[in-house]
Amino acid sequence: DIEEEIYGDIIHAIFPNRQTVYVWSDDKTISFLDNIGGIKMLNNANNADILILNNTSKNAFLVGKIVFVRKYYLLKKYKDFAVGGFYWQKGRPNIMFLKQNLKKFDIRLPGNLKNFVEDEL
């Protein structure tokens, strides 16, 4: 599945030196991430390395966490701290990373993902 492959590439690129990356999401339809080697889905956002959001949230646990979103409007809403997003638009996958937030978390993406880094929305 292309979506599974894309998420695997993104998560492992954000955490290149981690044996296991702990992921929490408010979207249970991406439970397929548990099938990707080196990724473990959690029920508790506080223990996760990265939060993948599909809906808006007012929770304080977002502070200080690496956030990745599944919708463009969420990327706009959380542009001050989300590192990026992967969403479908007109039947096509779109990937976008926000340069300023990658810097905040000292994330250096590999060459194959650098084309998706934007200075701003």
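Helices (H or I, at least four residues) and strands (E, at least two) are DSSP runs, numbered from the N terminus. With that in hand, let us walk through this structure. The model is predicted: local features need pLDDT of at least 70, side-chain atom pairs count only at pLDDT 80 or more, and totals for chains, interfaces and linings use all residues. Residues are numbered from 1 along each chain as its sequence is written, and side-chain values use heavy atoms, leaving out hydrogens and water.

Of its 8 residues, 6 are buried, so the rest of the structure largely encloses S5; buried means under 20% relative accessible area, exposed over 50%, and partly exposed in between, using a 1.4 Å probe and protein chains only.

Now look at the partners of S5. Two strands pair if DSSP finds at least two bridges between them. Strand S4 (residues 66-69) runs parallel to S5 and is joined to S5 by 3 bridges, with Val 69 opposite Gly 85. Strand S6 (residues 92-98) pairs with S5 in the antiparallel sense over 6 bridges, and here Arg 92 is the bridge partner of Gln 89.

What lies between S5 and S6? The loop there holds Lys 90, and the hairpin has 2 residues between the strands. Lys 90 is not a glycine, although its phi is positive, about 55°. Lys 90 is also exposed, with a relative accessible area of 84%.

Further along, Asp 106 sits in the loop between helix H3 (99-104) and helix H4 (111-114). Its phi is positive too, near 55°, and Asp 106 counts as exposed at 52% relative accessibility.
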